[in-house]
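Me: Could you walk me through a few features of this structure?

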Amino acid sequence: MRDVMIACDFADKEELNLFLNKMGEEKPFLKIGMELFYREGAPLVRELKNKGYKIFLDLKLHDIPNTVYKAMKNLGKLGVDITNVHAGGGIEMMKAAKRGLNEGGSKDAKLIAVTILTSLDDNAVKNELGINLSAKEAVKKYAENAAKAGLDGIVCSPYEACIAKDLNLISVTPGIRLEGDSVGDQKRVATPSFAKEQGSDYIVVGRSITGSENPLEAYLKCKKEFLN
Ligand code: C5P
């Protein structure tokens, strides 16, 4: 069940289609995030599902339990494979999200929790979020909460994938860069082969593929490093 997901951070459907047309025979697992979803909405997700793509809908819900429950009930109608919330919303919120997703009709969809964003480092966790733990310790705490809430997995950096394993959770790990690529705004970055060594279940790769001169080649390289 391990796979490489492509973060489709495109402005609109036209840009996405231009990109997908470059992928040849490949049908990658697509991560649709806020940028594209807020522009194109549910019809795009339905269209991609109808075309046979697996979808991780990365909307990172974070609100009071009742609001998240109702929002998830709507998302549950889309039939995505994976979707998520922020673990920072607490255990009750995560439980409400799971209930909403099930009641919306997505009983088989996996619900995962974002722990500490891969764009944050130890310094930001302590001094900006005011959490007196290292990023890794904070990920562990949030992952334990996700497990208590009955979620299926967590989003974390490859450095923390072992935490998910210990809790029997799947790990979805962004912050992936091919050797030599620019880090951009990410802080806790790793290569696909390092993610493999650490036991990540899924890697999320955005700009290392979408910003590449040859995205198909970059995608195949990620698959080769991560899956072989
Ligand atoms: O371009 P890049 O590979 O950095 O893209 C990473 C993707 O993963 C982005 O879509 C970002 O929103 C998402 N993500 C992340 N860190 C998390 C959760 C999601 O970078 N903790």
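Predicted model: local features only at pLDDT ≥ 70, side-chain atom pairs only at ≥ 80, totals over all residues.

Reply: Residues are numbered from 1 along each chain as its sequence is written, and side-chain values use heavy atoms, with hydrogens and water left out.

Me: How many disulfides come out?

Reply: The count is zero, taking a disulfide as a pair of cysteine sulfur atoms within 2.5 Å.

Me: Is C156 buried or exposed?

Reply: C156 is buried at 1% relative accessibility, where buried means under 20% relative accessible area, exposed over 50% and partly exposed in between, with a 1.4 Å probe and protein chains only. C162, at 30%, is partly exposed.

Me: New topic: at what angle do helix 1 and helix 2 pack?

Reply: Helix 1 (residues 13-21) and helix 2 (residues 34-50) pack at about 50 degrees, their axes 10 Å apart; helices (H or I, at least four residues) and strands (E, at least two) are DSSP runs numbered from the N terminus. Axes are lines fitted to C-alpha atoms, for helices over the stretch in contact, with angles running from 0 to 180 degrees between N-to-C directions.

Me: And where does L111 sit?

Reply: L111 is in strand 5 (residues 110-114) and is buried, with a relative accessible area of 0%. Its C-alpha lies 8.8 Å from that of D81, 30 residues apart in sequence.
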